[in-house]
Amino acid sequence: MLNGKHITIGIESSCDETAAGVVADGREMLSNIISSQISIHTKFGGVVPEIASRHHLENINDVIDRALKEAGVSLNEVDLIGVTYGPGLVGALLIGVATAKMIAYAKNIPLVGVNHMHGHIAANYIEHKDLKPPFMGLIVSGGHTNIVDIEDYNTCKIIGETRDDAAGEAFDKVSRVIGLGYPGGPKMDRSARDGNKNAIDFKRVWLEKGSYDFSFSGIKTAALNYINNERQSGRDIDINDFSASFQEAVVDVITKKAVDACIEFKRDKLVLSGGVAANTRLGELLIERASKAGIQVFKPSKILCTDNGAMIASSAYYESLKGNYSNLKLDAAPGLEI
Amino acid sequence: MNNDFFKANINPYISRCEEDTFKYARNLAKYLEAGDVIALSGDLGAGKTTFTKAIAEALKVKENVSSPTFTIVKEYRSGIIPLFHFDLYRLSYEDEFYNIGGEDYLFGDGITIIEWANLIEDILPSETLFIDIDYGASLGERIFKLRDMRNLRSL
């Protein structure tokens, strides 16, 4: 406890980022430290040169120390440890899980294993202090594209998911081929602002009627075919028009399905999260379509969109309120479902 | 995996549509056994994940098989043989494959399919089946070409 407030530290190491954040009473962010490799990615043209668990191992103690220091708390004042235990890369997850268990054991602090996807949703509890379930969630990132009905804190039902590529992955791959580089989402977002979104008609993939699932593999291939055809015919591609058109095709499908899901399941709040939540056009079109249907849209600030520790802390806090704790047998679950 | 598959199949195989690819994969799956490793190569959009989906379906995997690009590997244990689906697109060094415990899968109890496997070609088991997927002449057409290290000469 610190000044009468419940203190949670959240630890995240499911993929590329090593992160830790401290949150008071589940909602107030006291610190959020992220050790990102993005500058290294850029240097290597989009490929992750050091994705191994070793990277997390080198960073994790420092990241935790910095998160505590910036929050102005000592480990003795920490009431709860939250740690991502899945989904993700097993070697990466294990570093966070082992570290969290070690601290929990040494300092006798309760532990909660957090589902990374629940963490993404919880990022909105930090951003929007009055937001409470139920609501419809839209999680869009490099590894996920999900529409989930959030019935209660950390309790959700999948309404739709990607059957092949995640939206962020499609952005990254197409961006690389068109020459915009990594990270694809932000690069195409920037380029699209100066382009005409109707310049190229990329076919939208809606799947069966009534389905809330996504498929981005087809549009990725269509975009790559377009680039190859134009190049082979010796025509110049207007990169801004290309980015705007591709982005529109992806965002069109996501926003339409998310809003339709809200209507069908009678939710008047739509909560966006995940790395691609930072995409300008996604937010714009989502708000436009949702407001027409009387649905309010929530999204976190950029720093909370990315993988971070604070969102894990918030999710852990709400899980602990239900009396759900983990013990020291907690193990990484790479294929954990939402 | 044994030589029967090579004897029984046309190589290279021209798939005119996704349905052909599923048919081809179904046929291949009949010859697969635990411990087999398939290395897939082909440009972005060639259909490496689609091919893997088809193998998974043939192995009666219940879950949806989606791209493993982000997490590097996805495991499916609901089918008749476990299926491990790798994508090394985001890796740059052979070491990284070791660091994520990749070797354990290669000699594990399931079938391992690896996209962008060229990075680790030197450390793959000698009986790895290589499948190159190329774009065909018309839109939607794909050419599947098999190579097997051990049998390279006889093909």
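Although Asn154(A) is a residue other than glycine, its phi is positive, near 60°. The model described here is predicted, and the values reported for it are computed from that model.

Pro87(A) belongs to the loop between β4 (80-86) and α3 (90-107) of chain A. Another cis peptide bond runs from Tyr182(A) to Pro183(A), and its omega is near -5°. Pro183(A) is placed in the loop between α5 and α6 (184-192) of chain A.

The contact between the two chains was examined next. Chain B contributes 25 residues to this contact and chain A contributes 29 residues. The size of an interface is often given as the accessible area lost when the parts come together. For chain B and chain A, the buried area is about 2300 Å², with carbon and sulfur atoms giving 56% of that area. On the side of chain B, the residues that lose the most area to chain A are Leu44(B), Phe70(B) and Arg90(B), which together account for 26% of what that side buries.

Polar and charged interactions across the interface were then considered. The rule finds 8 residue pairs in polar contact between chain B and chain A, with both residues of each pair at pLDDT 80 or more. Classified by residue type, the side of chain B that touches chain A comprises 12 nonpolar, 8 polar and 5 charged residues. Across the interface, 1 salt bridge is found. This salt bridge is formed by Arg90(B) and Asp16(A), whose closest N and O atoms are 3.0 Å apart.

The largest pocket holds about 1100 Å³ of space. Its lining is made up of 47 residues, and those nearest the centre of the pocket are Gly218(A), Thr221(A), Glu18(B), Gly45(B) and Arg142(B). Elements giving two or more residues to this lining are α5 (167-178) and α7 (217-232) in chain A, along with α2 (18-29), α3 (48-58) and β7 (142-148) in chain B. Of the elements, α7(A) gives the most to the lining of the largest pocket, with 11 residues. The lining of this pocket divides into 14 nonpolar, 20 polar and 13 charged residues.

In the whole structure, the search finds 3 cavities of 30 Å³ or more. The second largest cavity contains about 50 Å³ of space. It is lined by Lys203(A), Arg204(A), Val205(A), Ser215(A), Phe216(A), Ile219(A), Ala249(A), Val250(A) and Val253(A). Helix α8 (residues 239-264) of chain A gives the most to this lining, with 3 residues. By class, the lining of the second largest cavity consists of 6 nonpolar, 1 polar and 2 charged residues.

Key:
Residues are numbered from 1 along each chain as its sequence is written. Chains are lettered from A and ligands numbered from 1 in the order in which they are written. This is a predicted model: local features need pLDDT of at least 70, side-chain atom pairs count only at pLDDT 80 or more; totals for chains, interfaces and linings use all residues. Side-chain values use heavy atoms; hydrogens and water are left out. Contact means heavy atoms within 4.5 Å. Buried area is the accessible area (1.4 Å probe) that two parts lose on being put together, summed over both. A salt bridge is a side-chain nitrogen of Lys or Arg within 4 Å of a carboxyl oxygen of Asp or Glu. A polar contact is a pair of N or O atoms within 3.5 Å; within protein, one must be able to donate a hydrogen and the other to accept it, and residues adjacent in sequence count only if both atoms are side-chain atoms. Ala, Val, Leu, Ile, Met, Phe, Trp, Tyr, Cys and Pro count as nonpolar, Asp, Glu, Lys and Arg as charged, and the others, Gly among them, as polar. On a 1 Å grid over the protein atoms alone, a cavity is a set of points where a 1.4 Å probe fits but cannot get out, and a pocket is an open set with protein on both sides within 12 Å along at least five of seven lines; lining residues have an atom within 4 Å of a point. Grid points are joined across faces, edges and corners, and a volume is the space filled by probe spheres set on the points. Helices (H or I, at least four residues) and strands (E, at least two) are DSSP runs, numbered from the N terminus.
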